[in-house]
Amino acid sequence: MSKKPSVFKRIITNLFTGFIRDKGKRRSVRHYLLSETEELRHPQLNPIQEKVEDPSITVQFVPLSEKSFVRQEGDCKLIAFYLPQFHAIDLNDRNFGKGFTEWTNVVRATPQFVGHHQPQIPFDVGFYDLSHDDVMFRQIELAKQYGLYGFCFHYYWFSGKRLLEKPIFNYLNNKSLDFPFCLCWANENWSTLWDGGDRKVIMKQELKLEDFDRFWNDIKDFFADRRYIKINNSPLLIVYRPALFEKHLFTEFVNTLRELAKKSGYDDLLILRTNFQEEGPCREWACDGTVQFPPHGLGQYIPPMSKPSFIKENSMVRFDMSSFLADSGMAAKGLSDDVYRGAFPAWDNTARKCHSGGWIFSGITPDGFAKWLEECIRWTKEHHDKDHQLVFINAWNEWGEGAHLEPDIKYGYAHLEAVKKALEESR
């Protein structure tokens, strides 16, 4: 038994999907948005019980809050990673098709099992084009309203060649975009597989001696900006994957950057790595600390619901986060004081992987995210001095990996509300 969608819903759906040029993709997204079958509304009626998301989890669309967050003296600084891939570039045009952006991945996603939240369609901010900076005003407005302190832009740099840099330079040049920011050098290979690996590479990541000065000259204008996040006159720079390079070369690179920073009038640099690939203490890599970048590092706490296969191309793996979220101190066990905590609102990269698999972390609701983030904030206040109380969120807009604070048509502003709740509850 099915229910015919209302005229209003059909009109709204047509507006949402009208931009999709491919007729097949448009039809698929439209069908998903309009579907209201008994099987989807009542998963207990569907015979594929084991593939249904937990039916006890009910999440309502959360509307825009009428009350804005008011920062207090003791609040942690929450920084959200920001993806600049929502505009077309020549390299992607050649390898993925003319006009390709991250939205291409997002709208082609389809549910892989009953109850699977795909595709994830943006609400409020919409399907934006970051080659223009107009949308950033709304993003900043929302971020401030719900308590975020700043953005950390992923910076794609390949021995002097930049990719997807236009939104970041737009931000730098538009001083009316009044919101703190910093950079994360996303130093991976650019691959058609979207995994940073060594297969199907279209832009190789390298580090050469002549890159040291070149890299500094490329980022020094960002450091000089009044909005750039600095800790005690030390600009914050995150390097996603230092262990991709030889240790002696990377440490020499970092030490060179520190020398150039001091010559430019800074006290030092605060250089952090992520926990993507930790090989030894961060000090051995000339870094000041390690940023938790989930889902990296979660494997030690959360066993997969199904055995992952790295041989089969179509290998979707699901993880159940219920036990992890129930034990608020689980992720803090054994952490050193040079760790900077991090959390995500959700994770599901099947949109990027399309029909070739993907990784899904199930069992996390906006309330669960709020509790996780609150635990991160409390730990940070106990282990870091006031100036270094930074907590990171993955991410502001990783739509292709299902990790976004930006509102969508299912949850509304629920994840932003969770950020505000975590800050207020941790006081």
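Predicted model: local features only at pLDDT ≥ 70, side-chain atom pairs only at ≥ 80, totals over all residues.
Me: Buried means under 20% relative accessible area, with exposed over 50% and partly exposed in between (1.4 Å probe, protein chains only). Which residues of helix α6 (134–145) are buried?

Reply: Residues are numbered from 1 along each chain as its sequence is written, and side-chain values use heavy atoms, without hydrogens or water. Helices (H or I, at least four residues) and strands (E, at least two) are DSSP runs numbered from the N terminus. In α6, the buried residues are Val135, Met136, Gln139, Ile140, Leu142, Ala143 and Gln145.

Me: Which elements are included in what covers them?

Reply: Gly147, with a positive phi near 105°, follows α6. The cover over the buried residues of α6 includes β1 (77–82), β2 (150–158), α7 (166–173) and α13 (414–425).

Me: Are the axes of α8 and α9 parallel or oblique?

Reply: Axes are lines fitted to C-alpha atoms, for helices over the stretch in contact, with angles from 0 to 180 degrees between N-to-C directions. Those of α8 (211–224) and α9 (247–263) come within 10 Å and cross at roughly 45°. Under 35 degrees is roughly parallel, over 145 roughly antiparallel, 65 to 115 roughly perpendicular and the rest oblique. Therefore α8 to α9 is oblique.

Me: How many charged residues are in the contact of α12 with α13?

Reply: Helix α12 (366–383) packs against α13 at about 35°, with the axes 8 Å apart. Among the residues that meet are Phe369, Leu373 and Ile377 of α12 and Ala418, Val419 and Ala422 of α13. Ala, Val, Leu, Ile, Met, Phe, Trp, Tyr, Cys and Pro count as nonpolar, Asp, Glu, Lys and Arg as charged, and the others, Gly among them, as polar. The contact has ten nonpolar residues, one polar, and the number of charged ones is five.

Me: Is Thr365 buried or exposed?

Reply: Thr365 sits in the loop between β14 (357–362) and α12. Its C-alpha atom is 7.9 Å from that of Ala346, 19 residues apart along the chain. Because its relative accessibility is 19%, Thr365 counts as buried.

Conventions: Contact = heavy atoms within 4.5 Å.
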